Amino acid sequence: MIKDNLDLVEHKITNACKRAGRDRSEVTLIAVSKTKPISMIEEVLEEGILHFGENKVQELCDKYEQLPNHINWHMIGHLQRNKVKYIVDKACLIHSVDSLRLAETISQEAAKKNVTASILIEVNVAQEESKYGIRVEEALPFVEEISKLPNILVKGLMTIAPFVKDSEENRYIFHKLKQLSVDIKTKNIDNVSMNILSMGMTGDYEVAIEEGATHVRVGTGIFGERNYNI
Ligand SMILES: *Cc1c(COP(=O)(O)O)cnc(C)c1O
């Protein structure tokens, strides 16, 4: 079942790349394994997927310990400052930086462990009340501030689009995030590259790829529905 799901996702990614005139190698599929057991992750791993996303620190650490260390773990969920120390040397990319204080903590903890943390700035393009992320207008000054911190590289932007029935409704959001990343890139800020655009989930990753996503975060489409009650 997981293999069939993966084949379908792969097929859709390939086609979205073709439609957009992009090379398949420009898009990284992150299998979002939150709430899912080790056995299912191993199944996905066997299919050659090496990028996994988790949204809770404890869960990421547990899985990190139990699974092969060539896996690339992505921290995609809201991150509390007191938990940064547990993942700063485990996550290859932190997708959800949306405050200067959080960035400062990441910088400090990365320095302590003698690593450089790669991060994305989470932007709340849709301006949904319930979501984390900074506003589009705040992004440039925010990136400029963070770029001054040691042991941190800003690799790009991330957004979570609203849940919609028709993924076309989210196209303008992905378009806007791409535009923002291009705007920031032209400023040539030290320690800032803007090569990564993390956008698109099960419901809308094809549209996100058409609009320039380099990393799509797919959970349900690979692992099936999540059950939070077990
Ligand atoms: C859970 C989650 C996803 C995956 O969602 P699906 O709709 O299951 O693909 C992607 N991004 C973030 C930030 C998430 O928390």
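Let's start with residue classes: Ala, Val, Leu, Ile, Met, Phe, Trp, Tyr, Cys and Pro count as nonpolar, Asp, Glu, Lys and Arg as charged, and the others, Gly among them, as polar. The model you are looking at is predicted, so local features need pLDDT of at least 70 and side-chain atom pairs count only at pLDDT 80 or more, while totals for chains, interfaces and linings use all residues. Residues are numbered from 1 along each chain as its sequence is written, and side-chain values use heavy atoms, with hydrogens and water left out.

Now to the largest pocket, which has a volume of about 550 Å³. Of the 25 residues lining this pocket, Lys34, Met201, Thr202, Thr220 and Arg226 are the closest to its centre. The lining divides into 11 nonpolar, 8 polar and 6 charged residues. A pocket here is an open set of points on a 1 Å grid over the protein atoms alone, where a 1.4 Å probe fits, with protein on both sides within 12 Å along at least five of seven lines; lining residues have an atom within 4 Å of a point. Points are joined across faces, edges and corners, and the volume is the space filled by probe spheres set on them.

What takes up the space of the largest pocket? The ligand does; a molecule sits in a pocket if more than half of its atoms lie within 2 Å of the pocket's grid points. Around the ligand (a heavy atom within 4 Å) are residues including Val32, Ile76, Ile160, Arg217 and Val218. By class, this shell has 5 nonpolar, 3 polar and 3 charged residues.

One lies 2.5 Å from a side-chain N or O atom of threonine 220, and for arginine 226 the side-chain distance is 2.8 Å. At glycine 219, a polar backbone atom is 2.8 Å from a ligand oxygen.

The second largest pocket has a volume of about 210 Å³. Among its lining residues are Leu6, Asp7, Glu10, Leu29 and His51. By class, this lining has 5 nonpolar, 3 polar and 4 charged residues.

How values were computed:
Polar contact = N/O pair within 3.5 Å; in protein donor to acceptor, adjacent residues only side chain to side chain.
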